[in-house]
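Thanks for making the time today. I would like to walk through one structure with you, so please have a look at the sequence and the fold before I go on.

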Amino acid sequence: MYFCAGRAGSECEFQMYYPPFPLIDIEMQKLVAYEQLVSERIICRRCVGLTNPSNVDDGRFDSTEIGPWSKWQSNLNASLMVVGQDWGDVRYFTKHAGADVPGNPTNMALRELIGLLGINVSEPGCVNPSNVAFFTNAVLCLKGGGLQADVENDWFANCGSFLRQQVEIVAPRVLVCLGEKAYRGIAKEFAFAPGSFRKAVDSPIGVRLPNGTIAFARYHCGKRVQNKHRTLDRQREDWRRLAQFL
Ligand code: SF4
């Protein structure tokens, strides 16, 4: 099922994707579709070399979200969705009880960048969290060997249908692909040619997906990428250009 990325009742060119129901029913349909997808993720064992969160310590740190990053931001009606490469490894997941850590520098940088769009994402674990965006990963399960361990192409291919369905359910206006592998995962799943990553980041218009969502490539905002590929100042400029699409 598709949900349109425009406003309900607007003159959206993709309005044909709207089911003929009031907004409350659309939200309910999204929830039902999302819960079904989560239940499929929980039992999925497709990837050799990855561990499903449901299979770590008998699932005690797993959740009712599609993946660990969605525990931070999981608004199914968000206008902004961010997809990263993968969340982390089993050791980190266990050590931090399956959740993002307050004060993590990459997360802090991401909060700042999103804040430039007027969207206030609260810190992970804060007492009164704001749930104003949707965060997910192109690979939903956990690798071994440390946070910087390699990710295999097969894992992106295997998990692609989960990613596509999340985009179709949330139907954000703007989809930010954080890092080249996340961007290529989206390109493969939605069958468009990604071209060079740098050119994709510089694109002023992004790529419009069949449901009206516009996908953009952005550099990962971790320190290593800031130092080697795109300074935080340049990344701020990149993110500011998204405001007109929200
Ligand atoms: S990463 Fe995705 S496809 Fe692979 S086992 Fe996990 S849920 Fe299944």
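This is a predicted model: local features need pLDDT of at least 70, side-chain atom pairs count only at pLDDT 80 or more; totals for chains, interfaces and linings use all residues.

Strand β1, residues 80-86, and strand β3, residues 174-178, run parallel and are joined by four bridges, and in that pairing M81 stands opposite L175 of β3.

Is β1 buried or exposed? Seven of its seven residues are buried, so the strand is largely enclosed by the rest of the structure.

If we step back to the whole sheet, we find an open arrangement of five strands in the order β2-β1-β3-β5-β4, with mixed pairing. The edges are taken by β2, residues 134-139, and β4, residues 207-208, and because each has a single partner strand, one side of each is left without a neighbour in the sheet. For β4 that partner is β5, residues 214-218, which runs antiparallel to β4 and is joined to it by two bridges, with R208 having I214 of β5 as its bridge partner.

Let me turn now to the helices. The axes of α4, residues 153-170, and α5, residues 180-189, come within 9 Å and cross at roughly 70°, and the two helices are therefore roughly perpendicular to each other. On the α4 side the contact is made by F156, G160, L163 and R164, and on the α5 side by K181, G185, I186, K188 and E189. Sorted by class, this contact has three nonpolar, two polar and four charged residues.

Staying with α4, I would like to pick out Q166, which lies in this helix. Q166 counts as buried because it has 27 C-beta neighbours inside 10 Å, where 20 or more are needed. Which residues does Q166 touch, once its neighbours within four places in sequence are left aside? They are L37, I66 and T136. The C-alpha atom of Q166 is also 9.5 Å from that of F134, although the two residues are 32 apart along the chain.

Finally, the ligand. It is surrounded by 14 residues, of which C44, C47, C141, N158 and C159 are the closest, and α4 gives the most to this shell, with four residues. By class, the shell around the ligand has nine nonpolar, two polar and three charged residues.

Methods: Residues are numbered from 1 along each chain as its sequence is written. A residue is buried if 20 or more other C-beta atoms lie within 10 Å of its own, exposed if 12 or fewer, and partly exposed in between; C-beta atoms are placed from the backbone. Two residues are in contact if their C-beta atoms, placed from the backbone, lie within 7 Å. A residue is near a molecule or strand if its C-beta atom, placed from the backbone, lies within 6 Å of it. Ala, Val, Leu, Ile, Met, Phe, Trp, Tyr, Cys and Pro count as nonpolar, Asp, Glu, Lys and Arg as charged, and the others, Gly among them, as polar. Two strands pair if DSSP finds at least two bridges between them. Axes are lines fitted to C-alpha atoms, for helices over the stretch in contact, and angles run from 0 to 180 degrees between N-to-C directions. Angles under 35 degrees count as roughly parallel, over 145 as roughly antiparallel, 65 to 115 as roughly perpendicular and the rest as oblique.
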